[in-house]
Amino acid sequence: TPSLYVVATPLGNLHDISPRAVAVLGAVAAIAAEDTRHSQRLLDACGLRTRLMALHEHNEQAAAGQVIRLLEEGDSVALISDAGTPAVSDPGARAVARVREAGFPVIAVPGPCAAVAALSISGFGEHGFRFVGFLPPKSAARRAALDALRDDADALIFYEAPHRIAECVVDLAAVFGPQRRVLIARELTKLHEQSVVLALGEAPGWLDADPNRLRGEFVLVVEGAPPASGLGAEAERVLALLLAELP
Ligand code: SAM
């Protein structure tokens, strides 16, 4: 049956493409890609000649219509994004929903995902996690969004752009407190891959210490809130004041 295959592609290291992904990308009639020039390089590297068509946030509805027409003609289609898993902080979710509504199977060909890769090396994911993705770009809105997550016991996963990473960790420390730990992962699977776990209070200083640490693509994973003591906010406040007086 004609189907839409949602195919994960590498985050950087081309060897991370799965044999099944290569087989599917080679077998479908067309590949809907976020940036066709970018994805052409991946196809070239895999020795594939499948036709690419653009599906990005500005043409997603129209492109979804084209995908459905191909499916109706009996052809299968693959969906990829520039890196990682499509439809996760990437275009594709609306197209997937439209294809399902049109009654065609949607099949995952899983593989790299920056969020899951970072979670897997954080040590914070044992009891659950929440994928937040990109935060608002302005600090006030960002702090408000973080405030709503402050007491969440789940590990929190954020994507952030390099030019905002420094201000983002300052806001994370302000909202979650300097003791909460964070994983900073940059350039996963790439040549300059680096990851570190430290207290949020130390994160701005760590980033400042070397300009290279501000470069590349970032995932942040913040450990979940410690379990509440059950005392209530006022009792917690008084306890904190009393504890501060202890020798
Ligand atoms: N759909 C993709 C996924 O889930 O893997 C993510 C697409 S999103 C537009 C791009 C963001 O993913 C980047 O800004 C960065 O936060 C993260 N990212 C992608 N590749 C990465 C890498 N190699 N190392 C660290 N973060 C990465």
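The shell around the ligand comprises 12 nonpolar, 6 polar and 6 charged residues, where Ala, Val, Leu, Ile, Met, Phe, Trp, Tyr, Cys and Pro count as nonpolar, Asp, Glu, Lys and Arg as charged, and the others, Gly among them, as polar. The model is predicted: local features need pLDDT of at least 70 and side-chain atom pairs count only at pLDDT 80 or more, whereas totals for chains, interfaces and linings use all residues. Residues are numbered from 1 along each chain as its sequence is written. In total, 24 residues surround the ligand, a residue being near the molecule if its C-beta atom, placed from the backbone, lies within 6 Å of it. The closest are G84, A114, Y159, L188 and E217. At least two residues of the shell come from each of helix 5 (114–120), strand 7 (155–160), strand 8 (181–186) and strand 10 (218–222); helices (H or I, at least four residues) and strands (E, at least two) are DSSP runs, numbered from the N terminus.

The chain contains 9 helices and 10 strands, and its C-alpha trace spans about 75 × 40 × 30 Å along the principal axes. Of its 247 residues, 31% count as buried, that is, with 20 or more other C-beta atoms, placed from the backbone, within 10 Å of their own.

An open sheet is formed by 5 strands in the order 3-2-4-1-5, with parallel pairing; two strands pair if DSSP finds at least two bridges between them. Strand 3 (51–54) and strand 5 (106–109) lie at the edges with a single partner strand each, so one side of each is left without a neighbour in the sheet. From one strand to the next, the twist averages 25°; angles run from 0 to 180 degrees between N-to-C directions, and axes are lines fitted to C-alpha atoms, for helices over the stretch in contact. Strand 1 (residues 4–7) is joined to strand 5 by 4 bridges, with V7 opposite V109. Helix 1 (residues 19–27) packs on this sheet and touches strand 1, strand 2 (30–33), strand 4 (77–80) and strand 5, contact requiring C-beta atoms, placed from the backbone, within 7 Å. The direction of helix 1 makes about 140° with that of strand 1. Strand 1 is also joined to strand 4, in parallel, by 3 bridges, and V6 has L79 as its bridge partner in strand 4. Both faces of strand 1 are covered, with L4 and V6 buried on one side and Y5 and V7 on the other.

A further open sheet has 5 strands in the order 6-7-10-8-9, and its pairing is mixed. Its edge strands, strand 6 (129–134) and strand 9 (194–199), each pair on one side only. The twist of this sheet averages 15° from one strand to the next. Strands 8 and 9 run antiparallel and are joined by 6 bridges, with I184 opposite V196 in strand 9. Helix 7 (residues 165–176) packs on the sheet against strand 7, strand 8 and strand 10, and its direction makes about 5° with that of strand 10.

Helix 3 (residues 60–72) packs with helix 4 (residues 93–101) at an angle of about 40°, their axes being 9 Å apart. The contact involves E60, Q61, A63, A64, V67, I68 and L71 of helix 3 and R94, A95, R98 and V99 of helix 4. These residues divide into 7 nonpolar, 1 polar and 3 charged.

Note on methods: Contact = placed C-beta atoms within 7 Å. Buried ≥ 20, exposed ≤ 12 C-beta atoms within 10 Å, placed from the backbone.
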